[in-house]
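Reader: Please take one part of this model and look at it closely. I would like the local detail first and the overall setting after it.

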Amino acid sequence: MPKAAHMEAAEHHEKAAKAHRTAAAHHDKGEHDTAMRHADEAHGHSTKAHTLSASAHSKSKSKK
C-alpha cells in the first residue's frame, strides 16, 4: 500500500508541475485569465499531492 500511496502523490506532483508550466506560458502571452485558471488547477494538485505525500510518509513509517 505505501508504494501505491507514493505513486499517487507523485502523479499529483507531476500534474501540478504541468499546470504551473502551462500557467506560466499563458501568462507570458498576456492571457492572464487562462493563466489564473491553470494556476488554480496547479494549486489543487499541489494541495492533493501534499496530503497524499504526508499520508504515504506516515504509512511508510508505520511499516518499519
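Author: A polar contact here is a pair of N or O atoms within 3.5 Å, one able to donate a hydrogen and the other to accept it. In this predicted model, such a contact joins the side chains of His-26 and Glu-31 at 2.4 Å. His-26 belongs to helix H1, which covers residues 2–28. The relative accessible area of His-26 is 18%, and the cut-off for buried is under 20%, so His-26 counts as buried.

Leaving out residues up to four places away in sequence, His-26 touches Glu-31, Thr-34, Ala-35 and His-38.

Helix H2 spans residues 32–62, 31 residues in total. From first to last C-alpha it reaches 45 Å, close to the 45 Å expected at 1.5 Å a residue. An α-helix has 3.6 residues a turn, so residues three or four places apart point the same way.

Apart from neighbours within four places in sequence, His-45 is in contact with His-12, Lys-15 and Ala-16. Another pair to consider is Ala-10 and His-50, which are 40 residues apart in sequence but 9.7 Å apart in space, C-alpha to C-alpha. Ala-10 lies in helix H1 and is partly exposed, at 29% relative accessible area.

As for the overall setting, the protein has 2 helices and 0 strands. Of the contacts with a separation of 6 or more, 68% are between residues 24 or more positions apart. The C-alpha trace spans about 50 × 15 × 10 Å along its principal axes. The radius of gyration is 15 Å, whereas a compact globule of 64 residues would have one near 11 Å.

Conventions. Residues are numbered from 1 along each chain as its sequence is written. This is a predicted model: local features need pLDDT of at least 70, side-chain atom pairs count only at pLDDT 80 or more; totals for chains, interfaces and linings use all residues. Side-chain values use heavy atoms; hydrogens and water are left out. Helices (H or I, at least four residues) and strands (E, at least two) are DSSP runs, numbered from the N terminus. Buried means under 20% relative accessible area, exposed over 50%, partly exposed in between (1.4 Å probe, protein chains only). Contact means heavy atoms within 4.5 Å. The expected span of a helix is 1.5 Å times one less than its number of residues. The radius of gyration is taken over C-alpha atoms; the globule rule is 2.2 Å times the number of residues to the power 0.38.
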